[in-house]
Amino acid sequence: MDAFIRFTNQTQGRDRLFRATQYTCMLLRYLLEPKAGKEKVVMKLKKLESSVSTGRKWFRLGNVVHAIQATEQSIHATDLVPRLCLTLANLNRVIYFICDTILWVRSVGLTSGINKEKWRTRAAHHYCFSLLLSLVRDLYEISLQMKRVTRDRARKEKSASQDSLGYSVTDEETEWLQSFLLLLFRSLKQHPPLLLDTVKNLCDILNPLDQLGIYKSNPGIIGLGGLVSSIAGMITVAYPQMKLKTR
């Protein structure tokens with residue numbers, strides 16, 4: 001109970017909880033829409049989803065400041081690749097949150113002279129760029145982790161018959177793929193924060209890709225991806241040690 005109270009006392013924790021609720025409603029609505037006699041339930045889910053989405057806007061008003069602080073921190077990363085990727089990703093997040101705030105101002109009726117579709121597309125572009133750069137960083141970290149796992153295994157198994165990967169791999173493509181996937185699995189298994197960050201970014205990118213028309217998905221896929229991403233985010237908020245650290 002104490003852990004839950006600490007979690008809900010954090011703005012990020014409440015936002016993740018609202019986000020999980022929002023995407024759960026989207027997923028359930030998609031699953032129930034084709035079924036007869038579920039019209040009232042679908043309408044209630046749609047209203048709840050809209051209300052939760054509006055509520056989340058209040059939590060996100062201060063995200064511009066957090067994104068600027070994250071940018072300042074990423075500039076001081078020692079490794080060049082994470083420094084470039086995270087700095088550019090956070091800069092795009094700053095612009096995304098600015099666009100999101102402008103859309104919020106229009107939605108509450110503070111001004112009417114804002115082109116909603118133009119700013120929504122602009123926000124989706126910067127959100128997508130931010131996630132792509134974060135995924136590049138994840139891929140870089142995965143490659144480093146795979147090298148570490150390979151070296152550790154090579155130390156344990158010094159048999160002359162082993163190749164550089166540390167596995168019995170022939171020249172056949174299928175066995176090479178199996179060995180690669182096994183190495184990838186072991187690498188991510190030994191680094192849960194990296195696994196969580198990668199899964200989160202992969203799930204998050206489905207939404208902007210759909211909005212931009214690059215890769216169209218149905219609401220069920222987007223809802224499921226958003227729910228999985230929200231759960232991953234909740235884990236990192238509740239257990240800070242599970243958040244991928246910047247080196």
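Predicted model: local features only at pLDDT ≥ 70, side-chain atom pairs only at ≥ 80, totals over all residues.

Visitor: Which residues have the most contacts inside the largest nonpolar core?

Guide: In soluble globular proteins, nonpolar side chains tend to be buried together. A nonpolar core is a set of buried Ala, Val, Leu, Ile, Met, Phe, Trp, Tyr and Cys residues joined through side-chain atoms within 4.5 Å; buried means under 20% relative accessible area, exposed over 50%, and partly exposed in between (1.4 Å probe, protein chains only). Here the largest core has 13 residues, and Tyr96, Phe97 and Ile205 have the most contacts inside it. Two or more residues each come from helix 4 (63–74), helix 5 (80–107) and helix 6 (116–156); helices (H or I, at least four residues) are DSSP runs numbered from the N terminus, as are strands (E, at least two). Helix 6 gives the largest share of this core, 5 residues. Apart from this core lies another, of 7 residues, including Ile142 and Leu244.

Visitor: At what angle do helix 2 and helix 10 pack?

Guide: Axes are lines fitted to C-alpha atoms, for helices over the stretch in contact, and angles run from 0 to 180 degrees between N-to-C directions. Helix 2 (residues 11–32) and helix 10 (residues 219–238) pack at about 155°, with axes 8 Å apart. Helix 2 is therefore roughly antiparallel to helix 10 (under 35 degrees is roughly parallel, over 145 roughly antiparallel, 65 to 115 roughly perpendicular, and the rest oblique).

Visitor: Is Glu141 buried or exposed?

Guide: Glu141, in helix 6, is buried, because its relative accessible area is 6%. Leaving out residues up to four places away in sequence, Glu141 touches Pro82, Leu194 and Arg247, where contact means heavy atoms within 4.5 Å.

Visitor: Which residues does Thr236 touch, not counting residues up to four places away in sequence?

Guide: Under that exclusion, Thr236 touches Leu196, Met242 and Lys243. Thr236 lies in helix 10 and is buried, with a relative accessible area of 18%. Thr236 and Leu196 are 40 residues apart in sequence, and their C-alpha atoms are 8.3 Å apart in space.

Key: Residues numbered from 1 in each chain as written. Heavy atoms only, no water.
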